[in-house]
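Hi there,

Here is the structure I promised to pass on. Have a look at it first, and then read on for my notes.

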Amino acid sequence: MIAITTAFAATWTTVTSKETGSYSSAFKFLAFANAFTCGFALLFLSFVFFFGRHGLNPTNHLLFLHDMFLMSLMLSGVAAGTAFGYLGRRGYSHTGWSQTCNPSKVTTSMCPILLTMLCPK
């Protein structure tokens, strides 16, 4: 339940950001990964609750694959968002890229994302 809450908080923070840097494809992917993780974890929680009430036990392999898939998706989203946030904030002088923006609100959403990855889904 904590993973669903933190994923929703990170999605909300990223989507409601009015910063120009949040329109990049990296941050759009980050918002999509958060929303997908939140929705899929909620769906799987209801799936486990439904089958648990009827005496059926979902296999541990299915739970393991579910957690690995969502963690991989979140990790790729946070990596893309972090890389773009770093380039936007500091630039990269070796290639001539200058500092373009300061995506502070979107960068702040990285904290709940990291909490989401640590929580079991």
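Which residues of helix H5 (residues 110-118) are buried? In this predicted model, they are Met 110, Pro 112, Ile 113, Thr 116 and Met 117. Looking down the axis of H5, you will find these buried residues within an arc of 160°, so they line one face of the helix. Cys 111 and Leu 118 lie on the other side of H5, where they are exposed. The general rule for such patterns is that an α-helix has 3.6 residues a turn, so residues three or four places apart point the same way.

On to the cysteines. The structure holds zero disulfides. Cys 111, on the exposed side of H5, has a relative accessible area of 52%. Cys 38, by contrast, is buried, with a relative accessible area of 11%.

There is also something on the surface for you to look at. Phe 64, Leu 65, Met 68 and Met 71 make up a nonpolar patch there, and together they have about 390 Å² of accessible area. One of them, Met 68, sits in helix H3 (residues 60-90). Met 68 is partly exposed, at a relative accessible area of 36%.

Last, helix H1 (residues 2-15). The buried residues of H1 are Ala 3, Ile 4, Thr 6, Ala 7, Ala 10, Thr 11, Thr 13 and Thr 14.

Best wishes

Notes:
Residues numbered from 1 in each chain as written. Predicted model: local features only at pLDDT ≥ 70, side-chain atom pairs only at ≥ 80, totals over all residues. Heavy atoms only, no water. Buried < 20%, exposed > 50% of the residue type's maximum accessible area, 1.4 Å probe, protein only. Helix = DSSP H or I, 4+ residues; strand = E, 2+ residues; numbered from the N terminus. Arc of directions from axis to C-beta. Disulfide = S-S within 2.5 Å. Patch = residues over 30% accessible without salt bridge, like charges linked within 9 Å, V, L, I, M, F, W, Y side chains within 5 Å. Areas by Shrake-Rupley, 256 points an atom, 1.4 Å probe, with all protein chains shown as cover. Salt bridge = Lys/Arg side-chain N within 4 Å of Asp/Glu carboxyl O.
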